[in-house]
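The entries follow in the order in which I took them.

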Amino acid sequence: MEYLPASIETKWQEYWKTHKKYLASESSDKPKYYVLDMFPYPSGAGLHVGHPLGYIASDIVARYKKHLGYNVLHPMGFDAFGLPAEQYAIDTGQHPAITTAQNIKTYKDQLSKIGFSYDWDREVITSEPDYYHWTQWIFMQLFNAWYNQATDRAEPIKILLEVFEKEGNKHVKAAQSDSTPVFSAQEWHTYDEEQRALILLNYRLTYLADVVVNWCPALGSVLANDEVKDGFSERGGHPVERKKMKQWMMRLTAYAERLLQGLDVIDWSDALKDIQRNWIGKSIGAELKFKVKDSDLELTVFTTRIDTIFGVTFVSIAPESDLLTKLTTPEQANQVADYVQKAKNRSERERMADVKTVSGAFLGSYAINPFSGESIPIWVADYVLAGYGTGVVMGVPSSDDRDYRFAKHFQLPIRCVIEGTEELENPTEKKQGKMINSGFLDGLNYQDAILKAIEHAQAQGFGLKKINYKLRDAVFGRQRYWGEPIPVYYKNGVPFLISEEQLPLILPQISHFKPTESGEPPLARAQNWLHEGKYPYEQTTMPGWAGSSWYFLRYTDAKNPQAFASKDATTYWGQVDLYMGGAEHATGHLLYSRFWNLALYDLGYVAHAEPFKKLINQGMIQGRSSLIYKQKNAEVFLSHKLSKGQDCQELHVDVSLVTNDVLDVEAFKKWRPEYANAEFVLDNGKFECAYQVEKMSKRWYNVVNPDEVVARYGADTLRMYEMFLGPLEYSKPWDTSGIDGVSRFLRKLWRTCIGREGESLLSKNQPISDKENKILHNLIKRVREDLDRFSFNTVVSSYMIALNELNSLESKQQEVFEKFLILLSPFAPHIAEELWHLLGNSSSVIDQPFPMYDDKYLKESGFDYPVSVNGKLRASLWLANGTDAETALSQALALDKVQTWVEGKTIKKCVFVPNKILNLVV
């Protein structure tokens, strides 16, 4: 009976689906295990072989944990709101919901063919109203919450209102906007509804504010910092400019310290934790007031090195600063305006990363150093960020690399304030030492100088100790159509929430998906879309990350119409035990979801502060592009080796036309009919291609569809091969030249167990030998240990080695192979299930307990000694443990191969080292 993956795999996939083998339940006495993949955005291109890498790994873990007796939750869904579907709608007029539904069907068809153990009863689709109902509801909870710094947690806004009623806000310790007015209880009582609403926006966890954002005119939308690269949108590569706009924001900064501290209690890679730590960017320093010369203005500066205050020779402010017009003199106005126009169109990320470009403009005004009384020039420079610190930087060119380059470029003074830096060509090479040229700080080391300088600033009233974070509040609005409507309406320009009973606020139907001619968001096109028939709704929609910031909670109670998830369900499933996804989400999804979860935890809706207990970032499967070479100015193609040294043009060729780097020339001519009559010069009868590893992309014709691999080799081969390619966390190229080895392994296993007529070749009555037990229990131990440390590639190797060893023994013991099938089941569930049943079992292999190993079979009962005569190897001899030297010599002399070399000679010495050597000296 032949091994036919196609028929076997569809058969068992239908069986598992019909019998709901992957259904998870909260009413279980088993320990729980929640394993989750970052759910995909359903693009029109579907999956390529790189996408399932993490899915396969998490599926193996889910199946393994099920074998170990866990109640496993392993769901899947779709992050369905996104720009590609909307862009397609703009181009074609087709509603994005239609495109999205079609793409989801394609994805589900592809995923089902690979045999994933998903509980599809818990599927979520973020663009469905029954899902975004609760995304809107969470927005409302954040709107109705504030961050109490006294209790270090978010609390309902009604608590803050009670404080305002009694005592105003003078003594309130809260995360709040800088422009928050101070008022008494008496003044609060005089405010009307709209005035109170505007004041509360300064405290809410989600709020409306005028902020500088990344505006992409081509996309008609505001982009988050992580969606902009080098001044262009990450999607589409469109120019992005910095622009002040009224935007919905999420007050991430309130949680900066807790987001930082939470990294210490979760099992993530150090590299990923460092990315988030650097993004949050905690700095401990001082805040100082610099008076502006001949003005009532003051500049507030944050510095981590107040000890270098006497080395300040200039001050720089951010191009977005509101102070620019007040600080710029008429003589400098044109120069400053030109510079600001150029600078504001660079994203903050680009400005932070570009350390080589030096630019700026002198404003014409001066600040007074509060310590020395010296007048110092004020400049505008794009390396100063409005959102970090105060948006003002004191320039100390003798101690800071960027300040040094700025001062050298603009020929500003450089005053050394650290002993030993005067002799250095670049004084910034030495950051620490005793202070010089620093007045009352002279002679102190830098730590003592920092403390004394802060003490002096606080005593004089122009400074104080301060902790700062680079983390910004997150923009939470997009000028797009295909997203969750924000559940807000406006009265006289002031935002108010709709009631919970009115959720979900359904995305209205419109006929055109572009922004309006006057630049308003697409939702401005909705006809009669008014709250209670008279108040306009918010016209921006939520960003792409809204639905993904809490979907892991919805999976725990996916069909609940009364709540985003019941407290019992979220408490039972708790944290995601294993989360699998890419490191590229470190400063986006992984940060936003931690923030939302923390807020829901503070407000009592979930029982765990951190959403993801362990996170693994899988590497990328890269494309292995095939290249051919055409002579320039001639219709002649040369096989790879023949092209070397020739003047040739390099062309990418579709990898589906190439097998083991050999091109199917006739298939190529059909693919590229313009070369139907070209000459192809072969090398030894073959036309060989070159190759190079690069990103898998349609552009390079190197995309491999998993459907094609499954159709040719089977899903089990695909699953095992992707794991076999190398360590999960590493990036590696897709190379089908190695997939045949995995396919041969599965076919060999089949032939070992099943005869040509479908009969079992294994014996139930045959006892298990010591050697069989040794192979089996070594395999059990290796598989368990490697799966516990997520080393998937080594498990595949262990399967192959064990099967070869069993075949070398001509083993046909059924119990041995049944345990082998259970061990194999997480990686290759279809063939394991089929063989399990063909061997006479009626239950499912996936329900079997995972085999345990017995240490007694791992211990060697003896040793295979190399037997040497006068130091030269002549034979081998297996001896039981505990054999003495006399017995060893006796048994060695009984060997014919030994007798050949010692016959007629005297044994002068026998060197016997237990479990090492046996050497006869004659």
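Entry 1, a ring to begin with. I noted that this is a predicted model. I started at Phe410, which is partly exposed, with a relative accessible area of 24%. I then looked for its ring partner and found Trp379: the two form a tilted aromatic pair, 4.6 Å centre to centre and 45 degrees between the planes. Trp379 belongs to strand β14, residues 375–380, and Phe410 to helix α14, residues 401–410, so this pair ties together parts 31 residues apart in sequence. Trp379 is buried, with a relative accessible area of 9%.

I went on to Tyr383 and Phe406, whose rings are edge-to-face, with 5.8 Å between the centres and 65 degrees between the planes. Tyr383 lies in the loop between β14 and β15 (392–395) and Phe406 in helix α14, so the pair ties together parts that are 23 residues apart in sequence. I checked accessibility for both. Tyr383 counts as buried because its relative accessibility is 14% and the limit is under 20%. Phe406 has 1% relative accessibility and so counts as buried by that limit.

How many cavities of 30 Å³ or more does a search of the whole structure find? I got one. The volume of the largest cavity is about 70 Å³. I wrote down its lining: Val355, Thr357, Val358, Ser359, Asp382, Tyr383, Arg402, Arg405 and Phe406. I sorted the lining by residue class and got four nonpolar, two polar and three charged residues.

I counted 72 aromatic pairs. I also followed ring pairs from one residue to the next, and they link Phe139, Phe143, Trp248, Phe476, Trp545, Tyr592 and Trp596 into a cluster.

I looked up where the charged end of Arg251 sits, and found it over the ring of Tyr207, 4.0 Å from the ring centre. I noted Lys491 as well, which lies over the face of Phe496 at 5.1 Å from the ring centre.

Is Ile275 buried or partly exposed? Its relative accessibility is 36%, and it counts as partly exposed. Which residues is Ile275 in contact with, leaving aside neighbours within four places in sequence? I found Ala586 and Thr587. I also took a C-alpha distance: Ile275 and Ala583 are 308 residues apart along the chain, and their C-alpha atoms are separated by 9.2 Å.

I left the overall figures to the end. The protein chain has 29 helices and 35 strands. Its C-alpha trace spans about 115 × 75 × 75 Å along the principal axes. Of the 922 residues in the protein chain, buried residues make up 53%. I looked at contacts between residues at least 6 apart in sequence, and 71% of these join residues at least 24 apart.

Terms used
Residues are numbered from 1 along each chain as its sequence is written. This is a predicted model: local features need pLDDT of at least 70, side-chain atom pairs count only at pLDDT 80 or more; totals for chains, interfaces and linings use all residues. Side-chain values use heavy atoms; hydrogens and water are left out. On a 1 Å grid over the protein atoms alone, a cavity is a set of points where a 1.4 Å probe fits but cannot get out, and a pocket is an open set with protein on both sides within 12 Å along at least five of seven lines; lining residues have an atom within 4 Å of a point. Grid points are joined across faces, edges and corners, and a volume is the space filled by probe spheres set on the points. Ala, Val, Leu, Ile, Met, Phe, Trp, Tyr, Cys and Pro count as nonpolar, Asp, Glu, Lys and Arg as charged, and the others, Gly among them, as polar. Rings of Phe, Tyr and Trp (its six-membered ring) pair if their centres lie within 6.5 Å; planes under 30 degrees apart count as stacked, over 60 as edge-to-face and the rest as tilted. Helices (H or I, at least four residues) and strands (E, at least two) are DSSP runs, numbered from the N terminus. Buried means under 20% relative accessible area, exposed over 50%, partly exposed in between (1.4 Å probe, protein chains only). A charge sits over a ring if NZ of Lys or CZ of Arg is within 6 Å of the ring centre and within 35 degrees of the ring normal. Contact means heavy atoms within 4.5 Å.
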